[in-house]
Amino acid sequence: EVDVPLVRSYTARLGAQAVVQEVVPLVDLADPMNAGAHYPLFLLVLQQIHKLTDDKWLTNAFNSSKINLQTMLPECDRSEERMMEILDDRSLAFMFPLLRVQADLWKKINADPNPNTLFKWIKDTLDVTMQADKGFIKTLVTSLLRYVCGETTLKDSNKDNASDKNLIDKEKDMLTRYRGMLQSLLNERSSLQLVAIYSLQVHCHSAGWPKGMLLRLFMLMYDLEIIDEESFLKWKEEVNDEYPGKGKALFQVNSWLTWLEQAEEG
């Protein structure tokens, strides 16, 4: 860089040409730049590939490579929020449409949590395919839980809140308001309901398993007819390492699931 000030740009252009012309796979090119090495060289490569191709080509190539972009960034930039800012700055945000939706959805919920307003925004902003996307359902359920519990049973990270009856009642009331929206989006689709259940599991895992929370959420989603018994029982039997905390989750809700199974058989 002392001798050739634009050496990163030249290297990025050569790397991009090699990927586009199928001389080298993107994943192999990325390997020496893992963990933020030579940052921002990898992002420059992506920008150069975009110049040589288009949105669709780059997105497909990146997704096929199975590269985790967060691991390509310096450690201080590995949050989703920071990654989105970096992608915006480099005009690469189109590669992660769900990440953009996640950021916008969270802003929307905080600005106006009214269910009707939120549902209208989803319908007006997202196409039908995205609305039925498993990643979006995971994002939506996670965001709603984060907001509602953050206002009630997980407020200020106070563990005493988790068993406060008034806060538990408030949590239930707030979640109940989103019943119509969630019913409409899950629309009796077992695959999407299953994702919603895993979102409940991961939420409680991330919160450190507040006492009684997972069982409470399971029962509420069932009572509100947002998630049906078939999906709960499918979750019980399915082995899926993608979502952390399954063993602990099963332990906490096993008795209720047994009751549900017997009720269905009866």
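How many aromatic pairs does the structure hold? The structure holds nine, where rings of Phe, Tyr and Trp (its six-membered ring) pair if their centres lie within 6.5 Å. Before we look at some of them, note that this is a predicted model, in which local features need pLDDT of at least 70 and side-chain atom pairs count only at pLDDT 80 or more, while totals for chains, interfaces and linings use all residues. Residues are numbered from 1 along each chain as its sequence is written, and side-chain values use heavy atoms, leaving out hydrogens and water.

Let's start with Phe 218 and Trp 235. Their ring centres are 5.2 Å apart and their planes stand at 75°, so this pair is edge-to-face (planes under 30 degrees apart count as stacked, over 60 as edge-to-face and the rest as tilted). Phe 218 belongs to helix α13 and Trp 235 to helix α14, 17 residues apart; helices here are DSSP runs (H or I, at least four residues), numbered from the N terminus. Both residues are buried, meaning under 20% relative accessible area, with exposed over 50% and partly exposed in between (1.4 Å probe, protein chains only).

Next come Tyr 222 and Trp 259, whose ring centres lie 6.3 Å apart with planes at 90°, so they are edge-to-face. Tyr 222 lies in α13 and Trp 259 in helix α15, so the pair ties together parts 37 residues apart in sequence. Tyr 222 counts as partly exposed because its relative accessibility is 22%.

Now step back: Phe 218, Tyr 222, Phe 232, Trp 235, Trp 256 and Trp 259 form one aromatic cluster.

Notes: Helix = DSSP H or I, 4+ residues; strand = E, 2+ residues; numbered from the N terminus.
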